[in-house]
Amino acid sequence: MTPLLYGVQEPRILIGLTSLITECSPMPPKFNRRRAVFVLGKIDEILAWEQRKEMERDTKFVELGAICARCGQDSTGGWKV
């Protein structure tokens, strides 16, 4: 055992280490085409929804900008109503 900071000791041999080399390779994952089409469809729905929300937000900012331009300051420095 080797002393470390604050008197904690660490064992020299780590228990449970195994080799990462295996004799037989793991089975490749099975491809489920129906599930993949479903997942990609859901992703497309989410992206379309997000795009609609972005367009709505842009429209609201344009409307807000028009309102601010109408109610802004005039050339004399006073506020227009």
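**Entry: provenance.** I note that this is a predicted model, in which local features need pLDDT of at least 70 and side-chain atom pairs count only at pLDDT 80 or more, while totals for chains, interfaces and linings use all residues. Residues are numbered from 1 along each chain as its sequence is written, and side-chain values use heavy atoms, with hydrogens and water left out.

**Entry: confidence.** I checked pLDDT, the predictor's confidence in each residue from 0 to 100, and found a mean of 78 for the protein, with 60% of its residues reaching 70 or more. Strand S1 (residues 2-3) has the lowest confidence, at a mean of 49, whereas H1 has the highest, at 92. I remind myself that where pLDDT is low, the predicted coordinates should not be read in detail.

**Entry: fold and surface.** I find one helix and two strands, arranged along the sequence as β-β-α; helices (H or I, at least four residues) and strands (E, at least two) are DSSP runs, numbered from the N terminus. Of the 81 residues in the protein, buried ones make up 1%, where buried means under 20% relative accessible area, exposed over 50% and partly exposed in between (1.4 Å probe, protein chains only). The protein exposes about 8,600 Å², of which carbon and sulfur atoms supply 64%; accessible areas come from the Shrake-Rupley method with a 1.4 Å probe, and for residues only the protein chains shown count as cover.

**Entry: helix H1.** I looked at the helix itself, which has 38 residues and reaches 56 Å from its first C-alpha to its last, close to the 56 Å expected at 1.5 Å a residue; the expected span is 1.5 Å times one less than the number of residues.

**Entry: nonpolar patch.** I find a nonpolar surface patch formed by Phe38, Val39, Leu40, Ile43 and Leu47, which together have about 450 Å² of accessible area. Patches are made of residues with over 30% relative accessible area and no salt bridge, like charges being joined within 9 Å and nonpolar side chains (Val, Leu, Ile, Met, Phe, Trp, Tyr) within 5 Å. Leu40 lies in helix H1 (residues 33-70) and is exposed, at a relative accessible area of 54%.

**Entry: salt bridges.** My search of the whole structure gives three salt bridges. Returning to Arg57 and Glu54, I see that they are three residues apart in helix H1 and therefore separated by about one helical turn; Arg57 is partly exposed at 44% relative accessibility, and Glu54 is partly exposed at 34%. Another joins Glu56 and Lys53, the closest N and O atoms being 3.5 Å apart, and these two residues are also three apart in H1, with Glu56 at 44% relative accessibility and Lys53 at 39%. Lys42 and Glu45 meet through their side chains at 3.8 Å, N to O, being three residues apart in helix H1, with Lys42 partly exposed at 38% and Glu45 partly exposed at 49%. As background, I note that an α-helix has 3.6 residues a turn, so residues three or four places apart point the same way.

Note on methods. Salt bridge = Lys/Arg side-chain N within 4 Å of Asp/Glu carboxyl O.
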